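Please keep the sequence and the three-dimensional view at hand while reading.

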Amino acid sequence: MAKGIRDKVAILGMGCAKFGERWDKDEDQLMLEAYEEAMADAGIEASRIDAAWLGAAFDAQNIGPSGIPLAVALRLPDIGVTKVENYCASGTESFRGAVYAVASGACDIALAMGAEKLKDTGYGGLPVRTRGTTHDMIGITGSAPGNFAQLASAYRGVHGVDKDDLKRAMAHVSVKSHANGAKNPKAHLQKAVTMEQVLNAPMIAEPLGLFDCCGVSDGAACAIVTTPKIARALGKTDIVTVKALQLATSNGWEMQASGWNGSYFHTTRVAATKAYDEAGITDPREQLSLIEVHDCFSVTELVTMEDLHISKEGRGWRDVLDGFFDADGALPCQIDGGLKCFGHPIGASGLRMIYENYLQILGRAGERQRQNNPVFALSHNLGGMPNQNVSSIAIIGREDA
Amino acid sequence: MSDFGILAFGAYVPITRLQRSAIHATNGWFAGGLGGLAKGEKAVANWDEDSVTMAVEAARDALDGVDRASVERVVIASTTLPFADRQNAGIVKEALNLPDAVGAMDVTGSQRAATSALLVALEGRTTTLVCAAEIATPRPASEREMTAGDAAAALLIGGGTPIAKLVASQSVTVDFVDHFREAGAAHDYDWEARWVRDEGFARIMTPAIAALLAKAGIEGDAIDHFIVPVAVKGVPEMLAKKAGVSDAAVADGLTATLGHAGAAHALVMLAAALEGAKPGARILLASFGQGCDLLLFEVTDAIGSVKSRLGVSGWLARRIESANYAKYLFHRGLLHLDRGMRAEHDSKTALTALWRNRKAVLGLVGGRCTKTGTVQFPKSEVSVNANDYAVGTQEDYPLAEVSAKVLTWTADALTYSSDPPSYYGNIDFDGGGRMMTEFTDFTGGALDVGADLRMMFRIKAYDENRRFRRYFWKAAPAF
């Protein structure tokens with residue numbers, strides 16, 4: 001019997017709306033766009049869906065709370081729809097709900113939707129919001145770039161990396177993602193940029209400049225999952241299964257105790273170790289074919305390469321500069337442009353990553369398709385801030401891998 | 001029976017020193033007559049300071065090395081108290097983490113509020129912490145704008161071994177309205193200075209000083225420190241001459257370096273005098289406002305044994321020069337800049353939650369596990385110690401006076417701040433405990449991983465819809 005979730009659940013269909021400043025669309029229209037593509041891919045009637053999960057982080061911006069907006073937008077047939085929110089990891093969280101439902105045997109087919117409409121705020125960046133009554137009296141809300149920028153100050157201190165070297169490695173991350181996004185018709189930002197542009201951009205939160213920050217977008221992504229057996233019965237031949245699905249949530253240790261040094265994600269390290277174990281991967285640097293990580297900021301992607309146990313601690317910035325993670329490198333990261341350029345509609349991002357990995361494994365990624373179709377593809381979806389966060393990892397792959 | 005008097009003294013001066021020449025460079029076209037005052041600098045409070053936060057710093061300065069449990073009453077005197085109905089002294093008490101069983105009192109309404117409060121404390125029997133603070137908002141291009149400065153002072157009054165004792169006092173109360181400010185108004189309205197000088201300072205204070213000296217049985221030349229907190233040039237010297245006090249005894253009004261701190265100025269000048277006072281010295285403190293309070297002190301042999309942590313001179317030395325008059329105006333609400341949509345965030349405070357968490361919020365009291373010794377902020381039911389699931393084992397652990405170091409930091413230009421960029425990051429307290437907090441009083445360059453920090457009580461957010469200010473602790477560069 002397989003350990004954990006490995007190979008118990010297959011992806012039957014996926015869809016993803018065009019990400020970007022969708023001024024003419026409401027969130028329900030974006031969800032429908034992703035749903036229609038996923039349903040066409042799955043080749044089933046809506047009546048076959050037993051339950052659905054909606055991941056959305058800033059529901060106050062457009063659709064409002066609960067699972068109702070999804071049920072209404074898709075006119076789902078009176079099934080149970082659950083809304084989940086886990087910061088920026090909400091997309092993978094909705095996927096987890098649907099996958100677990102199928103794995104438990106309670107559902108034959110389940111749907112996961114991630115959606116966000118961020119461009120109704122009136123200003124750039126994420127909406128300013130409370131983090132709770134007590135937190136607001138003693139904590140810092142800050143901005144997302146301000147929270148993640150702190151990684152750089154600690155990383156430099158812990159590993160003795162020169163400020164300019166780290167800034168250059170961070171810039172390389174963004175230049176690479178922009179080059180990748182230029183080949184993706186669904187991406188929010190489809191324009192390549194140069195090192196000079198990135199290095200000379202206005203400062204947002206020291207040391208993160210404008211191009212070190214991902215796009216804030218409108219968008220939606222959808223997955224329909226079932227068992228491999230049902231997928232085959234529905235006529236699917238190339239079966240993509242879930243190999244691992246892990247989530248680690250901070251319990252306050254990083255922020256309140258004294259063991260964490262501020263330069264990495266404790267949760268990602270925990271989730272990665274468990275995910276590789278669940279997927280049967282012993283050497284991620286060699287065995288993974290493709291990775292999509294939560295590159296909300298260039299420095300996040302950089303340290304995540306170490307937290308995923310792909311780069312050695314303190315050496316991630318060198319792998320980045322060596323082109324290890326470029327589209328033509330040994331292990332491409334963000335081959336679709338990532339959050340940086342595909343865009344970051346919060347609740348949709350985790351599913352967007354899985355969507356890209358799914359397309360690549362099936363050889364359906366168009367101009368940006370890897371020459372050899374990936375076998376194992378990892379996605380990493382992170383919510384919160386370095387000192388307190390939710391880190392999720394989904395590894396999918398060919399059923400026979 | 002032990003002696004009663006001043007047991008300890010302290011002061012606070014905000015770090016920013018606005019150059020008067022910068023004010024005149026902007027306003028000179030309109031108020032050319034103020035050119036003569038356009039020299040030196042004035043202390044201006046940061047956007048996150050008010051009379052309460054400044055009083056807390058002055059009290060910390062005074063209470064350095066003092067057992068805080070000895071304080072029986074907290075008094076704050078100011079004409080610029082943030083709350084008209086919420087005991088301001090109560091906020092000071094919470095920030096100082098004093099026991100609940102203390103008295104408290106706000107004293108206001110006059111430029112001699114602080115000396116009146118001091119006199120009552122000196123004539124009483126309880127150990128009283130008398131704080132005075134002022135943050136002025138003079139009308140731009142006014143003479144007051146040139147002369148005013150922000151500062152605070154604190155004195156601990158009680159029995160034991162005082163450093164100075166009250167020898168005699170004299171008060172006069174007459175409704176002489178040299179200037180006024182309606183309750184809730186921002187600006188003062190001043191009458192002609194020559195009239196105030198001749199009919200006010202000279203005619204009201206001179207006979208009162210003579211009466212005080214007679215009461216004490218001494219002549220004016222026996223006064224070693226003649227403290228007259230009046231911003232009008234020449235007035236202290238004039239009063240000294242009339243009283244027979246030597247020119248050398250006239251105390252520096254701190255005009256060039258600080259400005260006139262309103263009702264707090266008398267105590268600020270007294271704290272400055274105590275810093276350098278010799279045993280046996282006589283100090284005459286004369287404050288003016290709808291009459292006057294006159295207090296005659298004699299410094300005791302204990303003067304050398306008590307020092308404030310920094311005192312007026314120490315705080316004056318902690319200084320950032322600024323020529324940014326526009327920033328000062330914006331921070332006083334006198335210049336309405338476009339703050340953008342991010343500033344629209346609602347900072348409503350749940351008063352129920354504030355009450356439950358008052359020790360953490362106002363006193364920066366964290367927790368220490370009695371089982372493992374783990375220190376944390378805030379206190380919680382289950383200890384944060386990863387190796388020990390301990391429930392309900394934490395005792396109060398005050399962190400406000402514990403030094404800290406920068407673990408991570410950023411300068412955030414995106415999030416709304418009244419003083420962008422917003423500096424914040426994770427900090428580690430010496431001996432354990434960690435939090436993410438804002439950095440204040442930084443100019444930038446000094447901030448790096450490992451930098452030493454000192455916690456300071458500040459305004460965290462201002463709820464404009466309900467006119468409520470939320471206080472918390474921030475980290476400043478160590479000094």
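Which residue is the bridge partner of B:G367 in β16(B)? The section on the sheet in chain B takes up this point. The model described here is predicted.

## Chain B as a whole

Chain B contains 12 helices and 23 strands. Its radius of gyration is 23 Å, close to the 23 Å that the globule rule gives for 479 residues, so chain B is as compact as a globular protein of that length.

Of the 479 residues in chain B, 49% are buried. Among the contacts in chain B with a separation of 6 or more, 73% are accounted for by residues 24 or more positions apart.

## A sheet in chain B

An open sheet in chain B is formed by three strands in the order β16-β15-β17, with antiparallel pairing. Its edge strands are β16 (375–376) and β17 (394–398) of chain B, each of which pairs on one side only.

Strand β15 (residues 365–369) of chain B pairs with β16(B) over two bridges, in the antiparallel sense. The residue asked about at the outset is B:Q376, the bridge partner of B:G367 in β16(B).

## The nonpolar core and a buried loop residue

In soluble globular proteins, nonpolar side chains tend to be buried together. The largest nonpolar core in this model has 282 residues, and B:C131 and B:A152 are those with the most contacts inside it. Leaving aside residues up to four places away in sequence, B:A152 touches residues that include B:A11, B:Y12, B:M54, B:C131 and B:A264.

Is B:L258 buried or exposed? B:L258 lies in the loop between α7 (235–243) and α8 (265–276) of chain B. B:L258 counts as buried because it has 28 C-beta neighbours inside 10 Å, where 20 or more are required. With residues up to four places away in sequence not counted, B:L258 touches B:V13, B:K42, B:A43, B:G149, B:A151 and B:L316. B:L258 and B:E41 are 217 residues apart in sequence, yet 6.4 Å apart in space from C-alpha to C-alpha.

## The two domains of chain A

The domain assignment divides chain A into domain 1 (10–120 + 218–233) and domain 2 (143–211 + 238–398). The centres of domain 1 and domain 2 of chain A, taken over C-alpha atoms, are separated by 23 Å. Their contact takes 37 residues from domain 1 of chain A and 33 residues from domain 2 of chain A.

On the side of domain 1 of chain A that touches domain 2 of chain A, at least two residues each come from β1 (10–16), α3 (90–104), β4 (110–116), β7 (219–226) and α8 (228–233) of chain A. The largest share of that side, eight residues, is supplied by α3(A). By class, this side of domain 1 has 22 nonpolar, nine polar and six charged residues.

## The contact between the chains

How many residues does the contact take from chain A and from chain B? The contact takes 31 residues from chain A and 39 residues from chain B. On the side of chain A that touches chain B, the elements giving two or more residues are α4 (135–138), α5 (144–159), β5 (203–205) and α9 (253–256) of chain A.

The largest share of this side of chain A, seven residues, comes from α5(A). Its residues divide into 14 nonpolar, 16 polar and one charged.

Key. Residues are numbered from 1 along each chain as its sequence is written. Chains are lettered from A and ligands numbered from 1 in the order in which they are written. This is a predicted model: local features need pLDDT of at least 70, side-chain atom pairs count only at pLDDT 80 or more; totals for chains, interfaces and linings use all residues. Domain bounds come from an automatic or database domain assignment. Two residues are in contact if their C-beta atoms, placed from the backbone, lie within 7 Å. Helices (H or I, at least four residues) and strands (E, at least two) are DSSP runs, numbered from the N terminus. Ala, Val, Leu, Ile, Met, Phe, Trp, Tyr, Cys and Pro count as nonpolar, Asp, Glu, Lys and Arg as charged, and the others, Gly among them, as polar. Two strands pair if DSSP finds at least two bridges between them. A residue is buried if 20 or more other C-beta atoms lie within 10 Å of its own, exposed if 12 or fewer, and partly exposed in between; C-beta atoms are placed from the backbone. A nonpolar core is a set of buried Ala, Val, Leu, Ile, Met, Phe, Trp, Tyr and Cys residues joined through C-beta atoms within 7 Å. The radius of gyration is taken over C-alpha atoms; the globule rule is 2.2 Å times the number of residues to the power 0.38.
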